[in-house]
Amino acid sequence: MPKASKIAFGFAEDGISLKLAIITREGNQVFIKNLEQVELDNPLYIHKPQVAVVDETDKQFGSGASADMNMDEFTAENIATYQVKPYEHLFRNNPLFQGVIALNVNKDNLIRLPINTSVLPPKQRNKLVRENLPIKDYRKGLWQSSVVAVNEQPELWLHRGENRLLEILEASRISTKANYYYQLADANETALASLFAYSLPATAEESSILLHLGVEFHHALVFKGNKWFASLPIQVTQHEPDIQTIYSKLSFALDEAHIADPQVLYVCGDLCNEDNLEYLKEQLPNSAVRMWELTGFDLDPEAATGFSPAQIVRYVLPIALAWKALLYDKTLPHLSNFLPGYIIEGQKVFKIAWHGFLTLGLMFALSLYLTVSYLGNSLKLTEAKSQYKSLQSEFGRKKARADAVLAMAKAIDAQAGIIEAIKTILVGKNPWNEILTTLTNDLKAHPISWLMNFKRAKDGFTIIGMTTERSNIVHFASLFPAAKIAKVTRHNIRNNTVWQFEIVYAFPVVNWYAMMEKDAQALKKMEESRALPGRETVVKPVSKANQPAESAKSGLGRELSKLKTSIVEKTEQLKQEKKETVIDRPIPPPELLSAADDPSVKDYKDFMTAFNKRQDWVMIDRGVKFINNYSPSPLISYVRWYLSYRAWQNKEYYRPLTWLEPMLKKPDAIYPYTLMLTGLIYRDSGDTQRGEDLWKSVLRDYPQHPVAKTVRELLKEKP
Amino acid sequence: MTNTQRNTTVLSILVVIIFSTGAILVQNVKKKLSEVQAKNVHLKAEIFKYDKLINMQAKLEKDFAALRLLIAEQSKVLVQTDTPAGTFSYLLKILKWMNTNINFDFAMSKSESVGANWNEYIISGKGEYFKVADLVKQLEYQRALLSLEDVSVTTDPSAVSDTVYFSIVFRTHYTLQGTEIDAINKKNVPPFAPLYALFKPRIWEKPQETLIDPLLIDVDTALLIGITDSRVFMRDTYGIIHIMSVGDKVAYGYLYAIDKSQDKVIFRLNEYGTQEDRTIFLKKK
């Protein structure tokens, strides 16, 4: 694709002359901005070593670069080995990078091959080229071709070999590190024919000849009307031919081509001067001989001075090239271009081949897919976020309500636990009112008796009193269990015999359980209405037969229990599982279990059944009843231990310590186990030191006991 | 490399960049989407759970209200927290409920806050036996769970009535799930019933002067000045003449009999804890 530019630089080499024409365009107007010419030391195209290019004197400093150097091998380093040549000033003094460049090709490198069609397929063209070029040049790609129609006869113009003008321009570009844009490399004839045909009016019918008389390029272009009819080279061998020679050669060419004298002869080029024009006028009396004054061009007002028509006509060739490059369009007549492919290719910055299109297609498809996918997912994400916000808000509201509900449920649960704790704490406690009431009533009933002192003993209490009747003392000793008459002494008060006595008792059992049971029953009744699983079995054990009906009734309660478990106690379960593995060795069963007829054994077994089935409420209920009902039984220690163990599993530390407290005071068969469990409770409740002290006491006092192994493991663990 | 190849290479790199960037963006969006969707699923599940809980709210509120009533009427409750001030205040409250006053010293002796939670206190003082016994009863039977670890009572050697020295060691048990001590209301516990001064000595060596009604005549110091069949005339140390008949009260007792024939009167007295007959003869001038 040609580059649209407002300025064009036309370079034309003609022997030792190198001309530059700079033309600009503003709208439809084209202006000649500058015309320059340099004389070369030697012509660019001489088929011998190019002494004009390489300075012999520089070889002593050179790097071995030669004039034959291929431009492909040309690098910026080679520039230093060249002297600055006149054309380099020409190149460097003009801003070539600002516009497009047009140059001519050497006429001797052109081969004109007649063809049958104006549209030559590439295969045929390549075949034709291959037939007319050395195979080496063909394979190297040192050729360019264009189809040109002269007198409506298509011809393949084949340019072969190097384009020296292009090479020196490239060298300049590399040395100046500027960006040149080559628009056109054209043959002199086509460039001139294009401009000449363009300058003729479309309706012109007269025959005319454009005679270019350059330094070396002498050529006649024959036109009929504005159509290019023939191209006649003027074969002149001498360097600066005279007009007579030129005219004779022209006449010869016209005769040979059977072309009559033209109606108008336009002359241009370096040899176009008054004398020569006068001579031609004399020789061609029937023709109008004129200097070709370019029409359609305006001189740049800023540079108008100094360029007369006589001067301009000498620059027709570079002007034609620059003009063609500036207006490079398919509508131009005689469009040809002999720029090397690599130059055209190199200038097509945005050209895309089939693989590029494939990649573009892939890119488009990929972008489309990713965009659709991204947008789709983004939309979903937006919706999901919106939903999340809405759910979060709803969750917050409902959580607050549910927390309140859970708190209530927990409070109800906790109250049941509190009642059980109270029952436990009160076991064996608060007998004082019972004692004082009994003593007061009884001493009142057995006059004359009174107490002097009432105090707590080690495991009970002691009374010291006076009575006038010795038999009363025996009666007093029967008031409370485990009474011991410690002392009876006789005293006389005003001739009255009185007996001072001292009796030690054990504490009577006060049935606090019954009182608390009333409270517990009221709570159970309430919970039963909620029908939470586990608790209903405390009130009334459920047989397997009626379980379905019960479960149907207790669906809501079970649901609540499940939810509470899932929300509050998941981590609890994990911890519990871990704990069970820490001390999974049960304490050995008590020996008394063989006594089947003993009701305490039966109740103990029932208690253990509840323990094993993890019916905690049932187990606690049975355990506390057992403690109350079978006070001196050695099985009580086992019951207390299992109650404490299960409570510890449930992360309760208050109740188990109250259960275990009596066992710590009176060592029995399972005392080491009691120490171990108490230590565990202390550790998990935060008093690690106290727990470890207890374990160490186990290791110290019972090193061979089976529990010692568990204790050692516990001591290794971190809480 | 030709321009087209270069352009294709650039385009290829662009494709790779677009693909990478796009894939990362899409993956990020997908990841975020899946995270948000997972959160939504989780939230929905949680909301579903909470919905079920909330559905039970009305029933639970009813139960909870019933529970509060139950706790208010419960025989025993564990207090929520305990401080010496709280317990002392509770003791004063009990005394108020008893409608009496007992002076005692109060101190905290022990505390246990790991596992079992309780504070141990000692109160000691002097008071009437009935009141002390009633205080013990109230401490044991009122709603707050106080375990009485030790109760000691002894006679006041100088006392002439039923005043006793006492000391009580008790523990106030508490738990976080318990009831605020200030919120505990009175439970109707009947007062200590037996009306017998258990620690009051019944026989003593010296008369208990504080028991004498100063308006009654002391037969040991009074002078019998006259006897009739039904009347006795006695002059006290102040010179006042008292006219008495059988059954009239005197210090430590009453006039039991008049024997005009033998000029004697018999008083039945309980001056040392046991009943004694005191006979006084009319001295002939």
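A polar contact is a pair of N or O atoms within 3.5 Å; within protein, one must be able to donate a hydrogen and the other to accept it, and residues adjacent in sequence count only if both atoms are side-chain atoms. Keep that in mind for the first stop. Remember too that this is a predicted model.

**Stop 1: A:Gln500**

Select A:Gln500, in strand β18 (residues 496-506) of chain A. The side chains of A:Gln500 and A:His491 are joined by a polar contact of 3.3 Å. Is A:Gln500 buried or exposed? The relative accessible area of A:Gln500 is 19%. Buried means under 20%, so A:Gln500 counts as buried. Next, show what surrounds this residue. Beyond its neighbours within four places in sequence, A:Gln500 contacts A:Met452, A:Ile464, A:Gly465, A:Met466, A:Lys487, A:Val488, A:Thr489 and A:His491.

**Stop 2: A:Leu211**

Jump to strand β9 (residues 207-213) of chain A, where A:Leu211 lies. A:Leu211 is buried, and its relative accessible area is 0%. Which residues does A:Leu211 touch, not counting those up to four places away in sequence? They are A:His219, A:Ala220, A:Ile234, A:Leu250, A:Leu265, A:Tyr266, A:Val267, A:Cys268 and A:Leu280. Pick out A:Leu250 from that set. A:Leu211 and A:Leu250 are 39 residues apart in sequence, and their C-alpha atoms are 8.9 Å apart in space.

**Stop 3: helix α13 of chain A**

Select residues 432-445 of chain A, which form helix α13.

Colour the buried residues of α13(A): A:Trp432, A:Asn433, A:Ile435, A:Leu436, A:Leu439, A:Thr440, A:Asp442 and A:Leu443. An α-helix has 3.6 residues a turn, so residues three or four places apart point the same way. What covers the buried residues of α13(A)? From chain A, the cover includes β15 (449-456), β16 (460-467) and α14 (470-477). From chain B, the cover includes α4 (129-141) and β3 (146-155).

**Stop 4: where the chains meet**

Show both chains. The contact takes in 103 residues of chain A and 97 residues of chain B. About 8,800 Å² is buried between the two chains, and carbon and sulfur atoms give 69% of that area.

Zoom in on A:Lys429 and B:Glu149. Their side chains form a salt bridge, 3.4 Å from N to O. The interface has four salt bridges. It also has 22 residue pairs in polar contact.

Now select the side of chain B that touches chain A. α1 (3-55), α2 (57-73), α4, β3 and β4 (163-173) of chain B each supply at least two residues to this side. α1(B) gives the most, with 34 residues. By type, the residues on this side of chain B divide into 47 nonpolar, 25 polar and 25 charged.

**Stop 5: the whole view**

Zoom out to chain A. Its secondary structure comes to 26 helices and 18 strands. Of its 719 residues, 51% are buried.

Finish on chain B, with four helices and 11 strands. Of its 285 residues, 48% count as buried.

Note on methods: Residues numbered from 1 in each chain as written. Chains lettered and ligands numbered in written order. Predicted model: local features only at pLDDT ≥ 70, side-chain atom pairs only at ≥ 80, totals over all residues. Heavy atoms only, no water. Expected span 1.5 Å × (residues − 1). Buried < 20%, exposed > 50% of the residue type's maximum accessible area, 1.4 Å probe, protein only. Contact = heavy atoms within 4.5 Å. Buried area = accessible area lost by both parts, 1.4 Å probe. Nonpolar A, V, L, I, M, F, W, Y, C, P; charged D, E, K, R; others polar.
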